[in-house]
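Thanks for coming. I'll go through one model this morning, starting with a single residue and its contacts. Please have a look at it first.

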Amino acid sequence: MGTTCQIAGCKNDSPSALAEQKLCVLHFTLSLETSCAQMRRETALGHAPQDRQREIMRFITDQGERLARVATSGLHLTDDLKARILSTFLTLMNLRENLDRASMRSSLGRSVHPR
Ligand SMILES: [Zn+2]
């Protein structure tokens, strides 16, 4: 039982919590880091439309939940993988913070100049 990670050359199993992604824990965290880095660049400019910002927030919540499920599902994780999971959580949290700051800046920008 269990599927293998879809990344070429990777022989790790994909845990059931990641069945949808067909990724092993390592490659799941790596793909999350990549997506977060992209979104961070996107939001850093402060030009991301509200819909996109909401989409990113949903992404952060969904993936954070999934990561938590993987981390607590009783898999045998090496210390290395545990550390990687924690740092991916940090990445998600920082992205969320960035997003909040960017949207605060844009709403502040409006209220700072009363007529
Ligand atoms: Zn893999």
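Let's begin with Val-25, which touches Pro-15, Leu-18, Val-70, Leu-75, Leu-77, Leu-81 and Ile-85, leaving aside residues up to four places away in sequence. Contact here means heavy atoms within 4.5 Å. This is a predicted model, where local features need pLDDT of at least 70 and side-chain atom pairs count only at pLDDT 80 or more, while totals for chains, interfaces and linings use all residues. Residues are numbered from 1 along each chain as its sequence is written, and side-chain values use heavy atoms, with hydrogens and water left out.

Val-25 is also among the residues with the most contacts inside the largest nonpolar core, which has 21 residues. Such a core is a set of buried Ala, Val, Leu, Ile, Met, Phe, Trp, Tyr and Cys residues joined through side-chain atoms within 4.5 Å. Buried means under 20% relative accessible area, with a 1.4 Å probe and protein chains only. Helix 1 (25-44), helix 2 (50-71) and helix 3 (79-111) each give two or more residues to this core. Helices are DSSP runs of H or I, at least four residues, and strands are runs of E, at least two.

Now the metal. Which residues coordinate the zinc ion? They are Cys-5 (SG), Cys-10 (SG), Cys-24 (SG) and His-27 (ND1), at 1.9 to 2.3 Å. Donors are N, O and S atoms within 2.8 Å of the metal (3.2 Å for Na, K and Ca). Cys-10 lies in the loop between strand 1 (3-4) and strand 2 (13-14) and His-27 in helix 1, so this pair ties together parts 17 residues apart in sequence. His-27 is buried, at 18% relative accessible area, and Cys-10 is buried at 12%.

Methods: Buried means under 20% relative accessible area, exposed over 50%, partly exposed in between (1.4 Å probe, protein chains only).
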